[in-house]
Each structure stands twice: as structure tokens, then as C-alpha cells.
Amino acid sequence: MKKRLEEAMSQADDAEEIIPLAKKAIAQYELMPGDLFDQSDQAPKLTTQKHLKTPIARPQAQVIYEDGNGNTWAGCGRRTTWLIEALERGHTLENFKVPSKRLSRAK
């Protein structure tokens with residue numbers, strides 16, 4: 001039993017040395033599990049995170065304020081520089097309000 005324990009500890013020491021080298025080689029050569037292991041009789045092929053990253057389409061915020069020079073603000077979050085400067089010059093938010101484009105419901 002003592003001999004088996006010594007063998008197991010020796011193998012653990014070997015693994016501690018080999019694992020960092022294997023990780024470095026995998027990263028350096030951008031290896032995939034299929035490059036290292038026969039997966040014909042295993043679960044479906046694994047994919048890395050970089051293959052899963054796809055842009056998420058996010059809806060555009062509706063413009064509520066604009067200055068006529070292409071500057072806009074949706075009314076959410078921090079006020080933009082152009083709006084802060086205009087308000088400091090004496091303008092009001094109502095000066096920049098975009099008319100609502102909502103359609104009224106038919107009755």
C-alpha cells in the first residue's frame with residue numbers, strides 16, 4: 001500500500017509539471033478538444049467561447065431631444081455635453097423636444 005501511495009504521489013507531481021505546459025501549448029496553437037481527443041464516440045463537439053460570441057441586437061433608444069445639428073439625447077442616462085452647454089446658455093429642455101410621432105388609436 002505504501003508503494004502505491006508513493007506512485008500516486010509521483011504521478012501527481014508529474015501532473016503538476018505537465019498541466020501548465022499543456023495549457024500553454026493549447027493556448028499557443030489554439031487547439032480544440034477535437035484536435036487532441038477522438039470524439040467519434042463521445043458527446044457532441046465542444047465549442048470555445050469565442051465561437052459563441054455574437055453581437056446582441058439592442059433596440060435603439062427613441063430620440064426625445066435634438067438640437068438641429070445632429071446632436072440627440074434619448075432622455076435616459078447622463079445628459080450629453082451639447083445639452084448641458086445649451087442649458088447653461090439659458091435654453092430649456094422644451095427648446096429641444098422632438099414632437100411625438102405616436103399615432104393615435106382609431107376608435
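These are my notebook entries on a predicted model of one protein.

**Ground rules.** I number residues from 1 along each chain as its sequence is written. In this predicted model, local features need pLDDT of at least 70 and side-chain atom pairs count only at pLDDT 80 or more, while totals for chains, interfaces and linings use all residues, and side-chain values use heavy atoms, with hydrogens and water left out.

**Overall plan.** I looked up the secondary structure and found 5 helices and 2 strands, where helices (H or I, at least four residues) and strands (E, at least two) are DSSP runs numbered from the N terminus. Read from the N terminus on, the elements run α-α-α-β-β-α-α. I then looked up burial, and buried residues make up 9% of the 107 residues in the protein; buried means under 20% relative accessible area, exposed over 50%, and partly exposed in between (1.4 Å probe, protein chains only).

**Helix α4.** Which residues of helix α4 (residues 81-88) are buried? I noted W82, L83 and A86. Seen down the axis of α4, these buried residues fall within an arc of 95°, so they line one face of the helix; the arc is that of the directions from the helix axis to the C-beta atoms. An α-helix has 3.6 residues a turn, so residues three or four places apart point the same way. On the other side of α4, I found T81 and E88 exposed.

**Surface patches.** I looked up a negative surface patch, and it is formed by D13, D14, E16 and E17. Patches are made of residues with over 30% relative accessible area and no salt bridge, with like charges joined within 9 Å and nonpolar side chains (Val, Leu, Ile, Met, Phe, Trp, Tyr) within 5 Å. A salt bridge is a side-chain nitrogen of Lys or Arg within 4 Å of a carboxyl oxygen of Asp or Glu. E16 is found in helix α1 (residues 2-29), and E16 counts as exposed because its relative accessibility is 58%. I also noted a nonpolar patch of I26, L36 and F37, with about 280 Å² of accessible area together, by the Shrake-Rupley method with a 1.4 Å probe. I26 is found in helix α1 and counts as partly exposed, because its relative accessibility is 33%.

**Loop residue E30.** E30 is in the loop between α1 and α2 (33-36), and its phi is near 50°, a positive value in a residue other than glycine. Most residues other than glycine have a negative phi.

Note on methods:
Lys, Arg positive; Asp, Glu negative; His and termini not counted. Charge placed at Lys NZ, Arg CZ, Asp CG, Glu CD.
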